[in-house]
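Take a look at the model below. This report goes through one chain and then two kinds of interface.

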Amino acid sequence: MKSVHQKENFTATQNACNLCAPLGAAFAFKGIANAMPLLHGSQGCSTYIRRYMISHFKEPLDIACSNFGEETAIFGGGANLKLAIDNIRKQYHPELIGVATTCLSETIGDDVPMFIKAYRDACRDDALPALVHVSTPSYQGTHMQGFHGAVRALISTLAESTGACGSPSINLFPGMMSPADLRCLKTIMTDFDLDCTLVPDYSDTLNGPLWTEYQQIPEGGTPVSALRRMGDATISIECGLVLAGEKETAGTWLKEHFDVPLHRIGLPIGIRQSDRFFELLSTISGRPVPKIYTGQRGRLLDAMVDGHKHLNGVRAALFGEEDLVAGLAAFCAEVGIIPVLCATGGGNGRFAQAVRCVVPEACHDRMQIMEDVDFVTIEKTLEKIGVDLLIGHSKGYTMSRRLKRPLIRVGFPVHDRVDGSRLLHLGYRGAQQLFDRIANTVIEKKQEKSTVGYTYM
Amino acid sequence: MKSVHQKENFTATQNACNLCAPLGAAFAFKGIANAMPLLHGSQGCSTYIRRYMISHFKEPLDIACSNFGEETAIFGGGANLKLAIDNIRKQYHPELIGVATTCLSETIGDDVPMFIKAYRDACRDDALPALVHVSTPSYQGTHMQGFHGAVRALISTLAESTGACGSPSINLFPGMMSPADLRCLKTIMTDFDLDCTLVPDYSDTLNGPLWTEYQQIPEGGTPVSALRRMGDATISIECGLVLAGEKETAGTWLKEHFDVPLHRIGLPIGIRQSDRFFELLSTISGRPVPKIYTGQRGRLLDAMVDGHKHLNGVRAALFGEEDLVAGLAAFCAEVGIIPVLCATGGGNGRFAQAVRCVVPEACHDRMQIMEDVDFVTIEKTLEKIGVDLLIGHSKGYTMSRRLKRPLIRVGFPVHDRVDGSRLLHLGYRGAQQLFDRIANTVIEKKQEKSTVGYTYM
Amino acid sequence: MSSTPILEARQSQIHHKGRDPFEMTCDKHSLAGSVSQRACVFCGSRVVLYPIADALHLIHGPIGCAAYTWDIRGALSSGPELHRMSFSTDLRETDVIFGGEKKLAAALGELIDVYQPRAAFVYSTCIVGIIGDDVAAVCRKVGEAKGIPVLPVHSEGFKGTKKDGYKAACDALFKLVGTGATEDIGPVSINILGEFNIAGEAWLIKKYYERMGVQVVSIMTGDGRVDQLARSHGATLNVVQCSGALTFLAEMMKETYGIPYIRASYFGIDDMAKALYDVAEQFGDHPDVMVRSREIVRSEVDAIMPEINRLKADLSGKRAAIYVGGAFKAFSLIKALRYLGMNVVLVGSQTGNQSDYATLRDMCEDGTIILDDANPLELSRYIIEKKVDLFIGGVKERPIAYKMGIGFCDHNHERKIPLAGFAGMLAFAREVHTSATSPVWQFAPARRFQGPEHCRSGVAGGLLCCSPCDGVIPGALALEL
Amino acid sequence: MSSTPILEARQSQIHHKGRDPFEMTCDKHSLAGSVSQRACVFCGSRVVLYPIADALHLIHGPIGCAAYTWDIRGALSSGPELHRMSFSTDLRETDVIFGGEKKLAAALGELIDVYQPRAAFVYSTCIVGIIGDDVAAVCRKVGEAKGIPVLPVHSEGFKGTKKDGYKAACDALFKLVGTGATEDIGPVSINILGEFNIAGEAWLIKKYYERMGVQVVSIMTGDGRVDQLARSHGATLNVVQCSGALTFLAEMMKETYGIPYIRASYFGIDDMAKALYDVAEQFGDHPDVMVRSREIVRSEVDAIMPEINRLKADLSGKRAAIYVGGAFKAFSLIKALRYLGMNVVLVGSQTGNQSDYATLRDMCEDGTIILDDANPLELSRYIIEKKVDLFIGGVKERPIAYKMGIGFCDHNHERKIPLAGFAGMLAFAREVHTSATSPVWQFAPARRFQGPEHCRSGVAGGLLCCSPCDGVIPGALALEL
């Protein structure tokens, strides 16, 4: 297995395979009930990020901005931040404002925690919303760092321990998965009869119904009150093999400050990773895995056997967020797909190890694992090594088109299909959908290329 | 709207768009717990039908046969039927044997009810399985008649009334839908806290897990004991706009003999037909529609609005079983797809009316509705009138290939994809999946044809 | 349910090599109520005639027989594809009461007008004789009117077994033979019989013979054409594949035209080579034919052996089961599997005869199960008993294997990959390898009890079954509960 | 939540025609904390220069600015497609600390070597000035070394509004103008400015002018080429579309090269025709140009009117809202919508100036809302208040309309359908019609209260909203409960 760093070859980034940290932070804040994200920087940051997320979620996506002008860059953003918070409060009446910095406010050295403290101190208003700050200079890390950073900031700012001891309750940190994934996780928790605080939970805020009246802030999300109670939980679960190597996360904070035990697992993608997740819940709840899930698992395995020949030996390239790719690699290996390339725009150095850990050794010498890589490098690599299909987000379409290989759309963003919010990756049903989509795509392409056009398999 | 009968133009049937009645009967019997279908006729009937259903379900599909020889045709099939029942009992120990006739046994005039009576009389064995007979000469009606006939036969043979009056219980006759559809219906009933007997229920028998030990008859299905209790139910619900015009069905039998009220609705496909189904259950149960379904409905409508431009005005051809096509036509009209052709191989004369009833009048003059039609006629019609996409089962693939129009696979059979059993048509989730599949297909084709290759919508 | 009961009446059709004395019953009508994997007479006829691509195939009967046989076989054509259509008189109740002759005549007439076939076959299904239709008379009349051969095929489903269907098809074919011109046919010439050109296999075989310098007059019935059939009596030799499907025709041609025939199989390296050498031997007065055949075998085998050997490394020692239509194919498969290092522990056929089963017995090791006209319960019982890793059969056997977590290779007429010829042997090895080395079996509950053996590494292809780390996260904080 | 609060500081940017005295504030930096639909300076520059397809566009800064603008616009090229790539120096923490000049020089050098562009634009993003990079110096050095123009674009996001970005882009463009040969340029010649060839619109426009006998020297910047820009000073006239994006350049060319300019809009039949006539008038000494322009207008209008009229029948009386980037486009859209029988009840822009808004006020009926730099809350409030049937805007406005069950037409740079020119007017009408007549609105809770009016039949296209029978089954047994 070759682990390649693109930066060794090229200075410029060409068609990036990652986004910037403020996007991730806004994404996470969108999952808190009655919350408003506020980017501390130029107008463009929030507008671009809104546009990018709207194309995926197809929902109103208000993200405020402190809207730096030239004077702001000179005199600092304190006044702008105050004005922005005032205006947001007047228009949106939020319970929480999530302030994420940008490259600009970070570079000029704005002391946002101090600004916030000053605002709090000056404010005698009882209805002051929670003010959560996360530092997300876009020159540091990717949108995933922004996302996990915002989640940690929410916890470190709000979580408390009342010492109350009730029925088992779980803090669940699912990572940046789809609304369908979050709904699926919540249903699983309910079916285990477990009390769960999911952070963040944008399953309603970014995937809601039509409205009768306009909603300043869409309904749904993790309640701020629930965030405050998280120090009392029985356990924290953090999903993501790569995230598991991170020293400072929401989970570690809860562990250190409130001694909430932390359990780290991979994203429950594919059979084994889902098994671990369900086994864990079974242990915590003291209940067997509910029948509905053993049923899903049984039918999934049956389907995998029925369709195994379509996928065994198929060469796939996976790209996107580190933890998602690692999860997909695990799934691929279970059905015989060879992940000949696993690539991510992230670059925290733990990606290769995570992938290696879920793919059988016999396969390692047929894989390339690339961190901190862009699409031009990915495409060049694939031209060289050859590939049957691509699994990743919509930004891979241009490459897919040039390589004449189908793209199975997963993760974020899905800009060129209607179902980005509804894609399910997690659990047995997620694996089932991945399996069906991939197998059907392989069959379809074979059928189209065939001069015969067989009507059966 | 032109309603055309193919038979007026051509004598031969070319690439039939329907199957024969014994298949439908076997299909229905497969949904009864511990039951074995037995075709009374030549060996080929059962073998061909098994092969055809295996290619769809990808499950062991044992269907026995009385295996006529030359002497049988001369001396009658009584002895063969007896031997077949004996042998099935020895090998399979079924609780029920469903005997469906074929063209051969019908043409030679076998009196199967008498044979069965004789067998019963001769048998002093307490463990005698239930013996259910349905007359299914393949020269009469299609597989749908066989299916509904078998369902009626099950009820008329087994249903009793004990006079017991408990909590509300429902007899639900869902028609020939997918295992995923049946599972969906059962979950809905559970969520309304309704006691329901679903007939038939092959959601496990034809879509089960891998086995530890070989199962002569796969687990699952409607219990024979539940069939016996159906006379006690609060209400019967029969799904299918075309079926609703049928005078003799399982539902009418229960009405006539046990005065079980019968409610007939369309298949719950699309918004309005699903609404009627949920409203009905709400009335019966005295409960509001559970939140999970209002949530699904809300997100579905939101998705329909987000994607409406991809589908409004798209010209689609629908083909397959009458009731499925009528349901799909209703759904299409709701999202703006013009069902320019609705075609079925069935020919009971009520199809056109059913389709008309769910498609807005403004659209009628742009539609053709064809009964008793084959694929050659369908294809010729489409060459003339033009179409953007096809919605129907796998046997339309050849046509789709020649017309260079995508085929959205629904119903039965799905021989050239892996997920026939898992296709969901019913309820809001079914509509969501139909919507996503159709919209994504339209987008994909546009994207492929475009010289630009836009990466966003 | 662990021990599936075997019907008493079926005991004589099951042989345990090395345990029982050999007294195999076969050629029997399937037992009523046993779920035979066999089809019917109609199926036999349809299989044989199906690949004749420029003929009209009209099925006279209710719709089922036509619907279930529409384009379900991989028999390819290099030109017309009329055989991929499904035509039926689609008899209805009134036809059954008043007779179907008029409808048949009308259907035939209009189809011939539209599709302009070179000949037409009319298949009788179960009820045709019973309702009293004189199909032969209708065929004669329409044939005369349209000026093409219109041939009745007496394939009523219940009138015998699949083999009787082969015979009915051969009878129809024989009426075409001898009606064409033979002037340009040389002395070193053959007909290929019983090769259906599944996935283009006949094209492979034909090319071998042509490279040997042998003229192939007709392939009966792969990529078949009526005109070729009509002049096939001009060939010097008939080469018959398949357990007897076309033997009836070969016999008739021998009797009427004095054309000798030999049997052949094109599956596996040994049998494929033998099929070439045997033909070459028949043309002993042209020694160059044998020279070229040896060259072909050498170069073809050289081309595939490196990969075959790589695949073999993963397959060696695995246990295989074979259940196919004809016993002759089973002989070849046993050899081909052994070539890949695999052990055959179960073998059976739908239509084998006494001598076929004797041959199988002689080929097999002690402990092997030999089955005639088996059913799902028997097959499932023995593949578990024999701890089979790979099952070779057809669509109806596939789910039996899969439910028990056993690999599978489709060797029936639905296959989409050419498995005949030398290239086909490589494709076969790949196909077997793909299934046997898939990681999905690690999840099969029925295989768990076999221990880790089935879970071996796939070096040449496929993935290891068992993940090395299995989700334990390196570098993560200690896990707690 | 029914009455959305409007921020006091925003009141002066909202005008109720017929209610308030007209005193519109505009050209203001967006208010902190209001969720403006505007972007930044960088966005303005990027929009203008984006369609230059044979230039390298390198974004100097952290990755976000490049990632969010990768291939997101429908500006087509007939040849090279370098503009569809996203290049960034992807500044990291160390670059921010130690400066990004070296990285910029290296990135520029290697990209120019690989892609061989005809020129390069280097976009400065927010932090570039703050970390002290001398971008101009790097550009000069690399430009000299590589022998192509390397032009810095001063587009730091916070240094002004989108309009300042236009200006920065024009400054960069102007450095290219005047560097090419102009010998073969005739006197009847124009440059097209501010037409970005979205979905090929520039090609349509260009063809009209060419059919008139007018030479199009350069389309700045649709399907743009560096060489064309370089010789654009040879044209006799500049024709400027878009509210001022390219006006800066036109002014500079007027000053330096004495080239006069006129404004034009290509949306809607009236404005499109006017754009042709206005150019023809400028070439009064060539009367044949005007004659041909009239012919073009006549034939093009004749070609689209029958269908336009059919679509109009369904659209007449529906209420529309417009919120677009430039006010000039809003003028055209008001006319185009009226042409389709629709009433405009809300109109606004991101970048209009005082005189733009005065024009809008004059064009609009009493009761119309006029907005500058609006935000989602204002837009949603007024589209509900005004019972809008159709919203015309960009991606960020779309979900606002949809959530409230209101049709939508994307008239922003992401559109994939050409809406300019006569053919574009038809496409626009179709697009509007497709959305407005979709049956999905019948299910929108917010529209239910508007009564059945929105639910009218779509005669020419689309479906009726309300199903006639709505599921009551004819011929069914009586329903019971």
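Chain C has 18 helices and 14 strands. The model is a predicted one.

**Overall form of chain C**

How far does the C-alpha trace of chain C span along its principal axes? The spans are about 85 × 60 × 55 Å. The radius of gyration of chain C is 24 Å. A compact globule of 481 residues would have a value near 23 Å, so chain C agrees with that expectation.

**Domains of chain C**

Chain C is divided into domain 1, domain 2 and domain 3. Domain 1 is written in three pieces: 8-34, 316-412 and 444-480. Domain 2 covers 41-172, and domain 3 covers 189-299.

Now look at where domain 1 of chain C meets domain 2 of chain C. Here 7 residues of domain 1 are in contact with 5 residues of domain 2. The two domains bury about 400 Å² between them. Carbon and sulfur atoms carry 50% of that area. On the domain 1 side, the touching residues divide into 5 polar, 2 charged and no nonpolar. Across this interface there is 1 residue pair in polar contact. The salt bridge count between these domains is 0.

**Chain D against chain A**

Next comes an interface between chains. In chain D, 69 residues are in contact with 67 residues of chain A. Together the two chains bury about 6,000 Å², with 64% of it on carbon and sulfur atoms. Which residues of chain D lose the most area to chain A? They are Tyr68(D), Trp70(D) and Lys403(D), and together they make up 15% of what the chain D side buries.

There are 22 residue pairs in polar contact between chain D and chain A. Helix H4 of chain D, residues 101-115, gives the most to the side that touches chain A, with 7 residues. By class, that side of chain D has 43 nonpolar, 15 polar and 11 charged residues.

How many salt bridges are counted between chain D and chain A? The count is 3. In one salt bridge, the side chains of Glu414(D) and Arg51(A) meet at 2.3 Å, N to O.

**The two interfaces in a table**

| Interface | Buried area | Share on carbon and sulfur atoms |
|---|---|---|
| Domain 1 of chain C and domain 2 of chain C | about 400 Å² | 50% |
| Chain D and chain A | about 6,000 Å² | 64% |

Notes. Residues numbered from 1 in each chain as written. Chains lettered and ligands numbered in written order. Predicted model: local features only at pLDDT ≥ 70, side-chain atom pairs only at ≥ 80, totals over all residues. Heavy atoms only, no water. Domains from an automatic or database assignment. Contact = heavy atoms within 4.5 Å. Buried area = accessible area lost by both parts, 1.4 Å probe. Salt bridge = Lys/Arg side-chain N within 4 Å of Asp/Glu carboxyl O. Polar contact = N/O pair within 3.5 Å; in protein donor to acceptor, adjacent residues only side chain to side chain. Nonpolar A, V, L, I, M, F, W, Y, C, P; charged D, E, K, R; others polar. Helix = DSSP H or I, 4+ residues; strand = E, 2+ residues; numbered from the N terminus. Rg over C-alpha atoms; globule rule 2.2 N^0.38 Å.
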